[in-house]
Amino acid sequence: MLLNLFEYHWVEDIDEALLLLARPDVKTIPLAGGTHLLGLDDDSIQAVVDLRDLELAYIHEDAASVHIGAMTTLQSMVDAPLLKELAVGTLARAAQASSFSRVIRNSATLGGTLAIGAASQADVLTVLAALDAEALLRSASRTRIDLSGGTVERPGFALAGVTVKGKQERRVSCVNLSIERRSNELIIEVIIQRPAAGAGMSFQRIGRTPTDIALLNACALVEIDDGVYSCVRLALGGVNMEPVRMHVVERQLAGQTAMNPGGTTLNTQLLVSALQAGMANFQPPADFRASSGYRKISGVNLAFRALEEATSIARWRNMVSSKERQ
Ligand SMILES: Cc1cc2nc3c(=O)[nH]c(=O)nc-3n(C[C@H](O)[C@H](O)[C@H](O)COP(=O)(O)OP(=O)(O)OC[C@H]3O[C@@H](n4cnc5c(N)ncnc54)[C@H](O)[C@@H]3O)c2cc1C
């Protein structure tokens, strides 16, 4: 319960929301779908700013990237034709897996999920990490200054209590959002650079049941040029875990030949060696659901399956596009 909540603002303008969030004297936070916030036990929150009328619920694309507004619900991400096609549909599937309750998916937004990070237990975070997605953050500041010496135009003409309004915008990688986002920054949208047309992607998860939260999940993106890995991204996440990119595995595979001699079978030994070396320092957290050791061992298997499937898809897509060119 938010027992000390005494202000509710229904704003129609982003600037208005930003100025309310920038107030230093009243602890004000955004209200999106409310699925997390309204169950919170936090007596320090004094005001909420309802974001529903800010027209931040959209999914659109430009030449190079896809933009998903912060107020887009998880269910809209499941249903959007653009996301069914983007990245082999992994983001749409992860949005579905993030919460198997449609009631929650209809309210829970992408912005809210990103803002609470690991606590949301959302599978979308891992897929966004593999896609190298960025969040667009905007904040405002309102500073009162005393120009006792006047201004450049009017020297000597003293102005007291002048209010200066400023607005800042920056992009932050979704993986670092929980560390880098400041409390007065509003998440405006998520920007995903379109993967190359021939890229393969795979999303895998382990849960106690198919509809349970993921004890562990993995997402891999693979691009192959002339049989060689030109780009590999691998992210692991799961319940109570911030998603982590396996940069060592990615570096080990880049530039290596994806197929065995003859080009018909996948070089699985290469994947095993890269995972064994690159995941040696992977230390997932333990909780009542699974031990760290269980997550570490299953993480290697899950990552293998994700890389194997992503490589097969990339190889198949390359074959189809080269046949189309002939
Ligand atoms: C019983 C229950 C179980 C759930 N289980 C799961 C689950 O297993 N997996 C899962 O993914 N989700 C689950 N959810 C939903 C989860 O709460 C949402 O996924 C999401 O994390 C919250 O989104 P929201 O839009 O409802 O955010 P809200 O509850 O409105 O806000 C959450 C936080 O994010 C901040 N915030 C919201 N939007 C922005 C923004 N644009 N910029 C900056 N800060 C912002 C708010 O200030 C608040 O601090 C569950 C919810 C319930 C009620």
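Biologist: Which residues are linked in a network of salt bridges?

Modeller: This is a predicted model, in which local features need pLDDT of at least 70, side-chain atom pairs count only at pLDDT 80 or more, and totals for chains, interfaces and linings use all residues. Residues are numbered from 1 along each chain as its sequence is written, and side-chain values use heavy atoms, with hydrogens and water left out. A salt bridge requires a side-chain nitrogen of Lys or Arg within 4 Å of a carboxyl oxygen of Asp or Glu. The network of such contacts links Asp132, Arg233, Arg245 and Glu250.

Biologist: How many salt bridges does the count come to?

Modeller: The rule on side-chain nitrogens and carboxyl oxygens within 4 Å is the one applied. By this rule the count comes to 17 salt bridges.

Biologist: Which parts of the chain does the salt bridge of Arg171 with Glu134 link?

Modeller: The closest N and O atoms of Arg171 and Glu134 are 3.0 Å apart. Strands are DSSP runs of E with at least two residues, helices are runs of H or I with at least four, and both are numbered from the N terminus. The two partners are 37 residues apart, and the pair links distant parts of the chain, Arg171 in strand β7 (residues 159-173) and Glu134 in strand β6 (residues 134-147).

Biologist: Are Arg171 and Glu134 buried, partly exposed or exposed?

Modeller: Buried means under 20% relative accessible area, exposed means over 50%, and partly exposed lies in between (1.4 Å probe, protein chains only). Arg171 has a relative accessibility of 44%, and Glu134 has a relative accessible area of 26%. Arg171 therefore counts as partly exposed, and Glu134 is likewise partly exposed.

Biologist: Which residue forms a salt bridge with Glu180?

Modeller: Glu180 lies in helix α8, and its partner, 10 residues apart from it, lies in strand β7. Glu180, at 37% relative accessibility, counts as partly exposed. The closest N and O atoms are 3.7 Å apart, and the partner is Arg170.

Biologist: In the salt bridge of Arg295 and Asp287, is Arg295 buried or exposed?

Modeller: The side chains of Arg295 and Asp287 meet at 3.4 Å, N to O. Asp287 counts as partly exposed at 23% relative accessibility. Arg295 has a relative accessible area of 0%, so this residue is buried.

Biologist: Why is α4 largely enclosed by the rest of the structure?

Modeller: Among the buried residues of α4 are Thr90, Leu91, Ala92 and Ala94. Ala95, Ala97 and Ser98 in α4 are buried as well. The helix is largely enclosed because the buried residues number seven of the nine.

Biologist: Which element gives the largest share of the lining of the largest pocket?

Modeller: A pocket is, on a 1 Å grid over the protein atoms alone, an open set of points with protein on both sides within 12 Å along at least five of seven lines; a cavity is a set where a 1.4 Å probe fits but cannot get out, and lining residues have an atom within 4 Å of a point. The largest pocket holds about 1,000 Å³ of space, a volume being the space filled by probe spheres set on points joined across faces, edges and corners. Its lining has 48 residues, with His36, Gly112, Thr113, Ala115 and Ile116 nearest the centre. The largest share, five residues, comes from α6.

Biologist: What volume does the largest cavity have?

Modeller: The count comes to two cavities of 30 Å³ or more. Residues lining the largest cavity include Leu114, Leu125, Cys174 and Glu242, and α7 supplies the largest share, three residues. The volume of the largest cavity is about 90 Å³.

Biologist: How much space lies in the second largest cavity?

Modeller: Its lining includes Ala118, Gln121, Asn217 and Met241. Both α7 and β12 supply at least two residues of this lining. The space in the second largest cavity is about 50 Å³.

Biologist: In which helix does Met319 lie?

Modeller: Met319 is partly exposed, with a relative accessible area of 37%. The residue lies in helix α11 (residues 292-325).
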